[in-house]
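Biologist: I am new to this structure. Please show me how to read its features.

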Amino acid sequence: MTIVVRPTADDVAAIAADEIMRTAEAAIEERGAFHWAISGGSTPGAIYQNLAANVGFRGLVPVVHLYWVDDRTVPPTHVDSNVRLAMETLIEPARFARDNVHPPISDAADLEAETQRYEEILRKRLPAGVNSMPCFDLITLGLGGDGHTASLFPDTSALKETKRAWVVNDVPQLRARRLTLTFPVLSAARSLAFVVTGSGKACVVADILLPRPHTPPPPAAIAAQSNANVTWFLDEGAAEEMGRT
Ligand code: 6PG
């Protein structure tokens, strides 16, 4: 595990974008394409804008394939849509071709059928990794104050999933349904990158990276512990509890 700390959220967006670029170049060099699962929320937009403005990254776009880590069950035009976030900050500005963008249909009438459809796409397009799970080159993740990552929230059913790659998750604490990748997929990925900014996340970051004995790990800790190639990108606010004893 690697921990990268930079002064500000903008510095974190820049260094994370550089690292994504390096990971993409290595994947394309070795396998001819870069399969990347992207998150939503308020943190990654700056990274996507950074990459979309990068001429080198735009040169890679023809062999970069985008998938979603999770989404809210809303139309892609909705303000809360993770598909919309990526369309506006990355896909349209970087001129991704439609064939390289693989969004879920998050407002499908039959969400269970939709998760089957999306799972088939992941299993068809991605090489099989550990436990025959679809293997991404990179999955970029955020972190919620409650320790959730993707839409793997504490005490929700998706935490127990061991066979499926993509599921519907009922999240009572949000009174909402989410679509999300599961722990086995996060574990099978070639690399995971957590991007976390703001002092509001400092306690949960320290709970994960400096776990106290006899304390149950939050979902993000379980994800991080399941993969041998994890990088944490933190700003000084999110890292401010890392000195605690
Ligand atoms: C989502 C995300 C989720 C997010 C965290 C952190 O759809 O909300 O994928 O896992 O990464 O909730 O969100 P912020 O970046 O807004 O703090």
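Biologist: Leaving aside its neighbours within four places in sequence, which residues is Y48 in contact with?

Modeller: First, the ground rules. This is a predicted model, where local features need pLDDT of at least 70, side-chain atom pairs count only at pLDDT 80 or more, and totals for chains, interfaces and linings use all residues. Residues are numbered from 1 along each chain as its sequence is written, and side-chain values use heavy atoms, with hydrogens and water left out. Contact means heavy atoms within 4.5 Å. Beyond its neighbours within four places in sequence, Y48 touches W36, I38, S39, L85, T89 and L90.

Biologist: Where is Y48 found, and is Y48 buried or exposed?

Modeller: Y48 is in helix α2. Helices (H or I, at least four residues) and strands (E, at least two) are DSSP runs, numbered from the N terminus. Buried means under 20% relative accessible area, exposed over 50%, and partly exposed in between (1.4 Å probe, protein chains only). Y48 has a relative accessible area of 1%, so it is buried. Q49 is also found in helix α2. With 46%, Q49 is partly exposed.

Biologist: How do I read the packing of two helices?

Modeller: Two numbers describe a packed pair: the angle between the axes and the distance between them. Axes are lines fitted to C-alpha atoms, for helices over the stretch in contact, and angles run from 0 to 180 degrees between N-to-C directions. Here α2 (residues 45-52) packs with α4 (residues 82-91) at about 35°, and the axes are 8 Å apart.

Biologist: Which residues in α2 and α4 meet?

Modeller: From α2 come G45, Y48, Q49, L51 and A52; from α4 come L85, T89 and L90. This contact holds 5 nonpolar residues, 3 polar and no charged. Ala, Val, Leu, Ile, Met, Phe, Trp, Tyr, Cys and Pro count as nonpolar, Asp, Glu, Lys and Arg as charged, and the others, Gly among them, as polar.

Biologist: How many residues surround the ligand?

Modeller: A residue is near a molecule if one of its heavy atoms lies within 4 Å of it. The ligand has 15 residues around it, the closest being S42, T43, H148, A150 and K201. A polar side-chain atom of S42 is 2.6 Å from a ligand oxygen. For D70, a side-chain N or O atom lies 2.7 Å from an oxygen atom of the ligand.

Biologist: What should I check in the backbone?

Modeller: Most residues other than glycine have a negative phi. R175 is not a glycine, yet has a positive phi of about 45°. R175 lies in the loop between β6 (166-171) and β7 (176-181). R175 counts as exposed because its relative accessibility is 80%. H214 has a positive phi near 60°. Its place is the loop between α7 (202-209) and α8 (219-225).

Methods: A polar contact is a pair of N or O atoms within 3.5 Å; within protein, one must be able to donate a hydrogen and the other to accept it, and residues adjacent in sequence count only if both atoms are side-chain atoms.
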